[in-house]
Amino acid sequence: MKTIDAINMMRQRLAGVVDESEAAAMVRIIMEEVFNYSAVDVMLREQVELPPFASERLETILSRLEHHEPIQYIFGTTRFHGHTLRVTPAVLIPRPETEHLVDMVVDDAGSREDLHVLDIGTGSGCIAVSLARALHFAHIDAIDISEDALTVARENACRLKVKVNFARADALTLVPQPDRYDIIVSNPPYVGESEARDMERNVLDYEPREALFVPDDDLMRFYRPIIAYAAVALKRGGRLYLEINRRCGNDVARLLEARGFVAVDITRDMNGNTRYATAMRPIGE
């Protein structure tokens with residue numbers, strides 16, 4: 001099988017699974033992961049015969065993709081904030097929206113050093129590890145209720161050679177140590193169960209539901225305890241960053257203000273959806 005034949009075959013097989021642009025992106029990933037071919041290599045080696053294992057390996061991958069398994073789980077990696085992370089079905093696949101949450105924290109922190117940071121519901125560790133890489137001499141703590149997720153997160157910190165203090169804890173029952181953190185950030189479960197009907201099979205069939213969904217009648221389930229915790233655990237002038245359900249912007253803002261936060265801001269993501277809440281614990285109380 002020549003390179004060009006493999007490319008055409010994969011595009012044809014994937015045409016019934018995803019749209020054309022996503023199929024092209026998947027083909028690029030497969031060629032890089034399986035054959036170590038860059039986009040340039042593919043063009044230069046269109047008529048080159050692929051190794052003998054190619055047909056069997058590609059068939060295995062395409063079969064899994066046709067069953068809507070995320071390509072990130074098939075290869076066990078994903079790109080996030082400029083680096084490669086390990087992912088497994090124990091953790092959500094990090095989204096571009098969450099990259100922007102990291103950018104917000106980094107931009108606000110500027111050149112400050114020795115910040116104490118907490119990531120609540122760390123999952124793959126994508127936020128914690130990225131902040132450990134981006135912030136100057138920061139002390140990063142990260143918690144999750146899932147031991148399997150923490151295993152993945154620790155591997156990511158090790159692979160990227162950063163120090164993060166991981167611990168198992170339930171975001172719903174955190175007991176704050178007063179004035180401990182300069183920054184608290186969280187991307188908790190926030191998708192209403194009824195929203196599942198609009199989601200793709202690759203998410204519903206493979207990603208961990210407990211990291212995605214909350215009951216429709218309790219969309220604020222995680223925001224209430226996290227905000228209550230942050231109101232005590234943040235230092236004066238410390239900041240809270242949340243990724244939120246687009247239906248909860250006003251409710252989150254009201255709760256933040258009721259808990260005494262100031263500089264409350266609800267902002268939108270790149271698609272125009274309400275996605276982030278930021279706030280500060282007052283300097284003087």
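The model is predicted: local features need pLDDT of at least 70 and side-chain atom pairs count only at pLDDT 80 or more, while totals for chains, interfaces and linings use all residues. Residues are numbered from 1 along each chain as its sequence is written, and side-chain values use heavy atoms, with hydrogens and water left out.

**Stop 1: H1 and H4**

Select helix H1 (residues 3-14) and helix H4 (residues 54-66). Helices (H or I, at least four residues) and strands (E, at least two) are DSSP runs numbered from the N terminus. The axes of H1 and H4 come within 10 Å and cross at roughly 20 degrees; axes are lines fitted to C-alpha atoms, for helices over the stretch in contact, and angles run from 0 to 180 degrees between N-to-C directions. H1 and H4 are therefore roughly parallel to each other (angles under 35 degrees count as roughly parallel, over 145 as roughly antiparallel, 65 to 115 as roughly perpendicular and the rest as oblique). H1 passes H4 in a right-handed crossing, a term used if the near helix is turned clockwise from the far one by less than a right angle, anticlockwise being left-handed.

Next, display the side chains of Ala6, Met9, Met10, Arg13 and Leu14 in H1, which meet Leu58, Glu59, Leu62, Ser63, Leu65 and Glu66 in H4; contact means heavy atoms within 4.5 Å. By class, this contact of H1 with H4 has seven nonpolar, one polar and three charged residues (Ala, Val, Leu, Ile, Met, Phe, Trp, Tyr, Cys and Pro count as nonpolar, Asp, Glu, Lys and Arg as charged, and the others, Gly among them, as polar).

**Stop 2**

Keep glutamate 66 and arginine 13 selected: they form a salt bridge whose closest N and O atoms are 2.7 Å apart. Glutamate 66 lies in helix H4 and arginine 13 in helix H1, so the pair ties together parts 53 residues apart in sequence. The structure holds 19 salt bridges, each being a side-chain nitrogen of Lys or Arg within 4 Å of a carboxyl oxygen of Asp or Glu.

**Stop 3: H1 and H2**

On the H1 side, the contact is made by Thr3, Ile7, Met10, Arg11 and Leu14, and on the H2 side by Ala23, Met26, Val27, Ile30 and Met31.

**Stop 4: H6 and H7**

Select helix H6 (residues 96-109) and helix H7 (residues 126-134), which pack at about 35 degrees with axes 10 Å apart. Their contact has eight nonpolar, two polar and no charged residues.

**Stop 5: the sheet**

Now show the seven strands of the open sheet, ordered S5-S4-S3-S6-S9-S11-S10 with mixed pairing; two strands pair if DSSP finds at least two bridges between them. The edge strands are S5 (165-168) and S10 (262-268), each pairing on one side only. From one strand to the next, the twist averages 15 degrees.

Within the sheet, select S9 (residues 234-243) and S11 (residues 274-280), which pair in the antiparallel sense over five bridges. Arginine 239 stands opposite methionine 280 in S11.
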